[in-house]
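Please read them alongside the sequence and the coordinates.

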Amino acid sequence: MKQFQYTRPSTQQMALDAISKPGAKIIAGGTNLVDLMKRGVTAPDKLVDINHLPLKNITPTHTGLHIGSLALNSVVSENELVLQKFPLLSMALKAGASPQLRNMATVGGNMMQRTRCTYFYDTTMPCNKREPGTGCGAMEGFNRMHAIFGTSNQCIAVNPSDMCVGLAALDAVVIIAGRKGERRIPFTEFHRLPEDHPEIDNHLAKDELIIGVEIPDNNFAKNSYYLKVRDRQSYAFALVSVAAALDIDNGVIKKARLAMGGVAHKPWRLFDAEKWLIGKPISEENFKQAAQMAMAGAKGYEYNSFKLNLAPATINEALKHAAGLV
Amino acid sequence: MESKILNKPIPEEGLSRVDGRLKVTGKAKYSAEYDVKGVCYGVMVGSTITKGNIKSIETKTAERAPGVLAVITYLNCPNIPGYHTDNQPDKGPLKIFIDDKIYFNGQPIALVIADTYERALFAASLVKADYTKDQHQTDLKANLSSGFSPSKAKDYLRGQEDAYKLAPVKIEHEYTLPTEVHNPMELHAIIACWDADDKITVWDKTQGVKSTQRVIAQAFKLPPENVQVTAPFVGGAFGAALRTWPHEIAAVAAAKLVKRPVKLVLSRADMFTSVGYRPHTWQKVGLGATADGKLVGITHEASGQTSVYENFTEGVVNISQLMYASPNVNTRYRIVPLNVNTPTPMRGPGEATGAYALESAMDELSYALNIDPIELRIRNHADSDPLSGKPYSSKFLKEAYQLGADKIGWSERSQKPGSLTKDGWLVGYGMGAGMFGAYRSNATVTARLMADGTLFLQTSVTDIGPGTGTAMASIAAESMGISPEKIRVELGDSALPPSPTQGGSQVTSTVGAAVFDACKELKDKFRQLDGGADSTDYTALLQKNKLQKLEVTTASKGSAAMNNYAAFSWSVHFIQVYVNPNTGVVKVNKAISVADAGHIVSPKTAASQIKGGSIMGIGMALMEEAVIDHRYGRLVNNNFADYHMPVQADIPQVEALFVNKPDPYLNPMGAKGMGEIATIGVAAAVANAVYNATGKRIRELPITPDKLI
């Protein structure tokens, strides 16, 4: 690991100043960044440790719930307000990583973990995300874990987060501080697709800091479910995961939210399927049809074509759970 | 009255691990944990190409990095006299740092020595090599045609060749097992410390201190007694530490060069290319039977990968020669040299691979015949060894079938696949059997009774986790009639009396028998002191005779009568799975393993060993798979995030059952080994249960969700 400077700002302003310097990187839980530094994938000159900033709060607002960016994944997953208002988020968090990692990982850090794959991690392999212009090792390589939506000819990696799939489904908003003040962007627009710049995972500018996410109140608590299909039951990335949330009145769907993980460079919201479900009675036939609709534009590669079947099956299964049909 | 109690010093459920407290409190010291004065640290640099030559290697930057003492490559490696001037790839273990040739990706090309681990690690990242690349081959399936018959495993024929093809009912299928990499919890580690120019102490992760002593002595041309190898605790090994690997020789050479003790701990990524693996193996099994389920013929073919410098050979097809009473059997085994590191035995070596195919094929045949899989096995039960014709020393496999079937509720199983459901999940039952030779070799044990009543037992065998020390204490406590708290077991040091390497399911039989014999001899000595009486008040006897201690060193071996019998341990594994019909997720809901391993000397640790073996088999069936990107010849999942083995959430309460009937011939305890049979047959049981649940037969492990949707 390359030697680096380390600084621990005590105020948000100091942090913003520190991260605007060239070669500086924020560290919070470090569960992904330290890994990448050890493997030589990233080599920052300076780490800005923001763990002392007062951003751990989980507080109700007039319109929903604010979760500070430094709130730990483990704490959020067990928070009473989260469990009561947004159990989907708790389920998604608990599906992610391992208890040890969740004890270190923060909400902001989880959002900032790299969209990645095994070729990104191995510095002897080509990877446009790690080293633009070197090619994509996965495209014609071992791409079992890779994306089926929104890929480019530069990159087919997937965002590995479960929490982000839950937040995308719940219409969360990201609150970002910069030196010129705060801005808010919808969670679904925080991460980006690879296009011609797979080295950029999201729309956070270098001199900006995530200070929290806000989830608007909704009526999904009763009928939501996070289903993650993976090779083992803990500490494994999703083959496909689905966050499903329904607002059901008398057996008829009033509102639906669906997002998928393990299928794209970013959490993949299924807007068309959601719209189609409105006004439909809850039934497996309807869920299957919505799932098929969600697959429009999907494209498989040599080892991941199974996701073209697994994804709709998982959507259907998650919706059945959310609707209480199983 | 009192002596009666003393003669039953072991509780019914067996002793708890004698070293359990040390292990859970962190006081058990493993190889990397010894505090050796002046120690420095080694980090290996691996080749990033798969076949070719090192054109140039830049070490200057690394050498100038802070704290670096040496960067060892083939250009400056001190002479290792035992290597002679042999050129690779003369068949034989990989000789490290002797020339510029690269045989596999990850092959060590440099060893960086620095005053701290972190500095060594950093400097290792600065070593850069340029290579001349040759076309490599890493893909087994693409290279099956270059397989050859190794000298140690010739083709076998009993009766008529390929007789199954003529049988009224026949099946023929191919089965593939991917590479499974050795990943015991403890990383391989060595501290090498030269005490004089011709004398060295090493703390090493090894399954056999005597074998490591011999190899290091040979490599450095030292008298064996000048090499002391210590491994009192080993954090799992499963075959990975059966042999002395290049990194161990490198650490010893490096310590000589820098004139300081060197500690070398492999990283987890290093483990994937340094300590062997269960090789990727393709198999084809043909079974033919009469309509009433009598086997007519078995044909079993296998091709497993090996390296280009060693012919790694294992008993993949042997189980088909031995398991069932079939008049016609033929087997063919090939090895395929590839640009990979050499495989090494992994628990149930070969047999576990072979049993996956044979026991899957037996299951397929049972459906073809519409006969219950247990019933099919009973109809083909071998009453004597089909290979040698000899009677078995003991075999209670039929009882094991019954015990396991009752326990799992086999009667609930449906012979029609896909017909049982619960809460929206498909439910299936499967079973698979296993067998492994029951051995006894030679061992010597010192038993020393001290004035305070403490009994010391000493022998050089290592305890890699099965509970060897506990079994020895149990045998001695029973034999001497003393409390196990009074017994101290000292193991894992080459200075102690000779014992075999821990492996091949032979240690309880061999070393246990030596403990038994030593205790018998010690008791005889006490009896002589006591004028022929039989007191177990040893302290009183010592006091009366003004002795500080009484000790014997006893060499023990099996009797010639053993040659008249075929000796095997047997197992059968029962699995119940739930399979999600939509997502293909498999959950093992029940796992029951039954062992016919003779008299169970140490019930608690035996149960633990069976459970561990079952979990290993479940991992083999459902998740373990090392993946090579053949374009580069390089592993793409050499870490615990991407290489999956089971975690707690995947494993139900595994139950271990024992027939627990003594083998009358093998050793005085009546015990047979069980390390291997714990895993052999499990993967087939899981695959068979998945078929029973879904009607889908997965012949290419691991059975991941994508294969079931």
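How many residues of chain B are in contact with chain A, and how many of chain A with chain B? Point 2 takes this up, after a word on conventions.

1. Conventions. This is a predicted model, in which local features need pLDDT of at least 70 and side-chain atom pairs count only at pLDDT 80 or more, while totals for chains, interfaces and linings use all residues. Residues are numbered from 1 along each chain as its sequence is written, chains are lettered from A and ligands numbered from 1 in the order in which they are written, and side-chain values use heavy atoms, with hydrogens and water left out.

2. Extent of the chain interface. On the chain B side 27 residues are in contact with 32 residues of chain A, contact meaning heavy atoms within 4.5 Å. About 2500 Å² is buried between the two chains, 59% of it on carbon and sulfur atoms. Buried area here is the accessible area (1.4 Å probe) that two parts lose on being put together, summed over both. Within chain B, the residues losing the most area to chain A are Asn582(B), Val636(B) and His644(B), which together make up 19% of what that side buries.

3. Two salt bridges are counted between chain B and chain A; the rule asks for a side-chain nitrogen of Lys or Arg within 4 Å of a carboxyl oxygen of Asp or Glu. Arg634(B) forms a salt bridge with Asp122(A), and their closest N and O atoms are 2.6 Å apart. The side of chain B that touches chain A has 14 nonpolar, six polar and seven charged residues. In this classification Ala, Val, Leu, Ile, Met, Phe, Trp, Tyr, Cys and Pro count as nonpolar, Asp, Glu, Lys and Arg as charged, and the others, Gly among them, as polar.

4. Domains. Bounds come from an automatic or database domain assignment. For chain A the assignment gives domain 1 (5–51) and domain 2 (221–323), with 36 Å between their centres, taken over C-alpha atoms. For chain B it gives domain 1 (2–29 + 441–557), domain 2 (34–134 + 185–237 + 241–274) and domain 3 (156–179 + 278–438 + 564–707).

5. Domains 2 and 3 of chain B. Their centres, over C-alpha atoms, are separated by 37 Å. The contact draws 21 residues from domain 2 of chain B and 19 residues from domain 3 of chain B. These two domains bury about 1700 Å² between them, and carbon and sulfur atoms give 58% of that area. One salt bridge is found across this interface. A salt bridge also links the side chains of Arg243(B) and Glu310(B) (2.7 Å, N to O).

6. Sheet in chain B. An open sheet of three strands runs in the order β4-β2-β6 (chain B), with antiparallel pairing. Strands β4 (101–102) and β6 (128–133) of chain B are at the edges with a single partner strand each, so one side of each has no neighbour in the sheet. Strands are DSSP runs (E, at least two residues) numbered from the N terminus, and two strands pair if DSSP finds at least two bridges between them. Strand β2 (residues 52–58) of chain B pairs with β4(B) over two bridges, and Gly52(B) has Ile102(B) as its bridge partner in β4(B).

7. Strands β6 (residues 173–178) and β7 (residues 181–186) of chain A pair in the antiparallel sense over six bridges. Ala177(A) has Glu182(A) as its bridge partner in β7(A).

Conventions. Helix = DSSP H or I, 4+ residues; strand = E, 2+ residues; numbered from the N terminus.
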